[in-house]
Amino acid sequence: MSTMQATTVRCPHCGRTNRVPVAAEGRPKCGHCKQPLPWMVDAGDDDFTEVAERADVPVVVDLWATWCGPCRMVSPALEKVATDLAGRIKLVKVDIDKNPRLSQRFEVQAVPTLLILDQGETVARQAGAAPAPVLRQWVEQSITARKG
């Protein structure tokens, strides 16, 4: 199971390095300063349900491809959004070429395709790259509209 897999994240508050599981309950916090950590992980066909759909927080899914120029441009913007909204969202990146079942399931026509999942349900979707402030606004509006 992928629950044993972890990624390393540097705390934006104190600079300490933390191991963050790719799938877990709750929200990751820095082991040193206890501030929320950005939660950014990769997922694929075999572990997407566990990593993304069972998350306790809204999940921003980045469906991307290595050959896609706009995908390479939007990736740092999404990482900034995940850092800015640490503790509020989880960023899950999916390489569509390595994970054709997810690409088909989400009917990816163009990359990057961005989704917001809340408790496994798609609540927002957009295709194409955008700068970090625009992405952050889209994420926040989608989450706020969902909570209603």
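**View 1. Burial across the predicted model.** In this predicted model, 48% of the 148 residues of the protein count as buried. The accessible surface comes to about 7,800 Å². Carbon and sulfur atoms hold 48% of that surface.

**View 2. Order of elements along the chain.** Four helices and seven strands make up the secondary structure of the protein. Read from the N terminus, the order is β-β-β-α-β-α-β-α-β-β-α.

**View 3. Overall dimensions.** Along the principal axes, the C-alpha atoms occupy a box of roughly 45 × 35 × 35 Å. The radius of gyration is 14 Å, which agrees with a compact globule, because 148 residues packed that way would give a value near 15 Å.

**View 4. Charge placement.** The protein carries 19 positive and 17 negative charges. Their mean positions lie 8 Å apart.

**View 5. Ser 142 in helix 4.** Helix 4 spans residues 132-147 and includes Ser 142. Ser 142 has a relative accessibility of 12%. Buried means under 20%, so Ser 142 counts as buried.

**View 6. Partners of Ser 142.** The Ser 142 side chain reaches the backbone oxygen of Trp 138, at 2.8 Å. Beyond its neighbours within four places in sequence, Ser 142 is in contact with Ile 116 and Ala 124.

Definitions and conventions
Residues are numbered from 1 along each chain as its sequence is written. This is a predicted model: local features need pLDDT of at least 70, side-chain atom pairs count only at pLDDT 80 or more; totals for chains, interfaces and linings use all residues. Side-chain values use heavy atoms; hydrogens and water are left out. Helices (H or I, at least four residues) and strands (E, at least two) are DSSP runs, numbered from the N terminus. Buried means under 20% relative accessible area, exposed over 50%, partly exposed in between (1.4 Å probe, protein chains only). A polar contact is a pair of N or O atoms within 3.5 Å; within protein, one must be able to donate a hydrogen and the other to accept it, and residues adjacent in sequence count only if both atoms are side-chain atoms. Contact means heavy atoms within 4.5 Å. The radius of gyration is taken over C-alpha atoms; the globule rule is 2.2 Å times the number of residues to the power 0.38. Accessible areas come from the Shrake-Rupley method with a 1.4 Å probe; for residues, only the protein chains shown count as cover. Lys and Arg count as positive and Asp and Glu as negative; His and the chain ends are not counted. The place of a charge is taken as NZ of Lys, CZ of Arg, CG of Asp or CD of Glu.
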